[in-house]
Amino acid sequence: MDTAIKNASGSDDYILQLEGVSKFFGTVISLKDVTLRLRRGEVHCLLGDNGAGKSTLIKTLAGVHKPSEGRYLIEGEEVSFKSPREALDCGIATVYQDLALVPLMSVARNFFAGREPTKKLFGMIPVLDMQLAASTAVDKLAEMGIHVRSPHQPVGTMSGGERQCLAIARAIHFGAKVLILDEPTAALGVKQSCNVLKLVHKARERGISVIFITHNVHHAYPIADSFTVLNRGQSMGTFAKSDISKEEVLDMMAGGTEIQSLVDELEGRQAA
Amino acid sequence: MSTTTSDMAMTLAKPIPSNASLKPPGADHSAPSDERVRRISPWRALLNRPELGSIAATILVFIFFGVFAGNSGMFNLDGIMNWSQVAAYLGIIAVGACLLMIAGEFDLSLGSMIGFAGMMMAVPSMFFGWPMWLAVLFAFGGCMALGWLNGYLVMRTKLPSFIVTLAFMFILRGLTIVLSTQFAGSTIVSGVGDKIAQDPITHALFQGTALQGLFTWMAHAGIIDKLPSGEPVVAGLPKVLLWWALVACGAGFVLSKTRFGNWIFTVGGDANAAKNVGVPVRRVKISLFVLTAFCACLFAVLQVSDVGSAASDRGLQKEFEAIIAAVIGGALLTGGYGSVLGACFGALIFGVVQIGISYTNVNSDWYRVVLGAMLLLAVLFNHYIRSRATTGK
């Protein structure tokens, strides 16, 4: 299955590739010979249960860890990031679960935290351009379909879904080519998850490639173009959406068979 | 049915609550963007300002002393100079402590630093024959180096700043007493004031009053009272007030208008998030420790110039007073929230209560009771305001 995709299109098509990557922590094999290829402009879902190695894979992509074995390529060129900052400079933006937002600060100040726009006061003193920050933040969020009451509203007053969207919109605004989303819907309700999925779709429409990490197939399936399933540190393969059903994906994750046996057991008990 | 204004605003903002949710969110740009967004009254917007509590408390304090000490001369020009100087001294260190607190750290060594800074300028000038300006420069350099060390240790060890600076509070106070008894044979080094007066640079910068011409003119013009000798009742504006204004304006500008100010809020609000968005957390925090030490040294230089001597008990408990002023001014002990303006009002309250109480019939021993109670009230009020600001309830 893995080779089928490779043959279908040239490898130039991939914006990001992990080729046979392994990662060891002492005696622990966290990732074993994992290959992940992200096409330009696709949403690629990385599925796996807890402990499957998702976090290690994200951190490898984000430049936190270096692969112990294997190659990491961006637009066909091998890279070796020394820090997350370098990955970010290459356009690989990671939105972690903690979102890197400060609840007590306003939307505008959060949006530009660390990358504040400045202007010159009296032609010499650099000051924050709060007006530009506020209007840009509002515009960029509106483009993504998120409407905030006011750019000066503290982020603490926003819902979990809105915060997630704010963090994603911020990454897109600052030039992300590849967006890595770590469980963006994990803590959200149905409707808010829906908003986040819409935002992922908008990002794809703008030509941004997305790696969507989740253990929830129901969130992943509607939005994804392809899937890579991780299980116990190994890749179970990459599949195009047309080749695989939701049930098969679920089966492939460790949970699938276990949930099925639970269902059988429960139904059996009811029948008895 | 009685409705408050904020209730009215709420009902006006959502005319058709039942149908609104059927529309896809964000479909209509002209309507309120989201059916879940409500307007807030200007009063609520005001409540979200960090300095509100301290301004309200300042007004209350002035009303109190206006009623109980209105005729005592507390609000005459010399009375005003009296309490405003106390406020200015505290204000200088409160501004430094406030910025550091917003960045999420404390400096408990601030008070001891004041005593130590006094010795750092007094001992070289009186016993080593250094020119005064050099001794003052040395004190500033030494204090800022100590501030850097404080910050470096806190950031490097990741220990709470409370414990690291508590250690320095004792180390510096101890060193101050050692230096003083070693060189002067007592806990006080006198004669420094005269030496400052002889040095044109230090005299011009730190000693006495400014704008004397203006005050003389105002006295002649009858705007302010004259002494029997024809001199104005107040010779001029004490320089400590100008320094306070300078430090407060500078810090306020940096905090609200510059990138560095945004970084201060970010590192105090969530240091991990700050690191992830590329803010140099360590650099920001260490430079604020240095600023706090600078403020402590400025306090010491001005006080030694004014009193004329350096003593080993100077600045005792000032670290707490500075923190109290910052907290009354709306700063959160956990960081990420506060204002320079608020800290200045906090310091003003201190000055007015401390000096004002002796103008009333109230026993001045009550001063600490009042301030303690005010601190407690301020913390409760801040807590309430913050929970409203962050949850929007």
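## Confidence in chain A

The structure is a prediction, not an experiment's result. Chain A has an average pLDDT of 84. In that chain, 93% of the residues score at least 70.

Across residues 1-11 of chain A, pLDDT stays under 50. The model has 8 contacts beyond four places in sequence for this stretch.

## A buried strand in chain A

Start with strand E9 of chain A, residues 178-182. Here 5 of the 5 residues are buried, so the strand is largely enclosed by the rest of the structure. In a regular strand, side chains alternate between the two faces of the sheet. In E9(A), A:Val178, A:Ile180 and A:Asp182 point one way. A:Leu179 and A:Leu181 point the other way.

E9(A) pairs with strand E6 of chain A, residues 92-95. The two run parallel and are joined by 4 bridges. A:Ile92 sits opposite A:Val178 of E9(A). E9(A) also pairs with strand E10 of chain A, residues 209-214. That pairing is parallel too, over 5 bridges. A:Leu179 has A:Val210 in E10(A) as its bridge partner. To get from E9(A) to E10(A), the chain passes through helix H7 of chain A, residues 190-205. This β-α-β crossover is right-handed.

A:Glu183 lies in the loop between E9 and H7 of chain A. Most residues other than glycine have a negative phi. A:Glu183 has a positive phi of about 45°, although it is not a glycine. Is this residue buried or exposed? A:Glu183 has 20 other C-beta atoms within 10 Å. The cut-off for buried is 20 or more, so A:Glu183 counts as buried.

## Helix H6 of chain A

Helix H6 of chain A covers residues 160-173, which makes 14 residues. From first C-alpha to last, H6(A) reaches 20 Å. That is close to the 20 Å expected at 1.5 Å a residue.

How many residues of H6(A) are buried? The count is 12 of the 14, so the helix is largely enclosed by the rest of the structure. Among the buried residues are A:Leu166 and A:Ile168, and also A:Glu162, A:Arg163 and A:Arg170. The buried residues of H6(A) pack against several elements of chain A. These are E6, helix H4 (107-111), helix H5 (130-143), E9 and H7. After H6(A) comes A:Gly175, with a positive phi near 85°.

## Two hairpins in chain A

Strands E7 (residues 118-121) and E8 (residues 125-128) of chain A run antiparallel, joined by 4 bridges. A:Lys119 is partnered by A:Val127 in E8(A). The strands form a hairpin with 3 residues between them. In the turn, A:Phe122 has a positive phi of about 55°.

Strands E11 (residues 226-231) and E12 (residues 234-240) of chain A are antiparallel as well, with 5 bridges. A:Asn231 has A:Gln234 in E12(A) as its partner. This hairpin has 2 residues between its strands. A:Arg232, in the turn, has a positive phi of about 50°.

## Chain B

Chain B has 18 helices and 4 strands. Of its 393 residues, 45% are buried. Take the contacts in chain B between residues at least 6 apart in sequence. Of these, 76% join residues at least 24 apart.

B:Arg368 is in helix H18 of chain B. It is exposed, with 11 other C-beta atoms within 10 Å. Its C-alpha is 8.3 Å from that of B:Gln354, 14 residues away along the chain. B:Gln317 is in the loop between strand E4 (310-311) and helix H16 (318-328) of chain B. It has a positive phi of about 65°, although it is not a glycine. B:Gln317 is exposed, with 10 other C-beta atoms within 10 Å.

## Where the chains meet

The contact takes 23 residues from chain A and 24 residues from chain B. On the chain B side, the elements that give two or more residues are helices H13 (259-269), H14 (271-276) and H18 (367-391). Which of them gives the most? H13(B) does, with 5 residues. By class, the chain B side has 7 nonpolar, 13 polar and 4 charged residues.

Key:
Residues numbered from 1 in each chain as written. Chains lettered and ligands numbered in written order. Predicted model: local features only at pLDDT ≥ 70, side-chain atom pairs only at ≥ 80, totals over all residues. Contact = placed C-beta atoms within 7 Å. Nonpolar A, V, L, I, M, F, W, Y, C, P; charged D, E, K, R; others polar. Pairing = 2+ DSSP bridges. Right-handed = clockwise from strand over helix to strand, strands pointing away. Expected span 1.5 Å × (residues − 1). pLDDT = per-residue confidence, 0-100.
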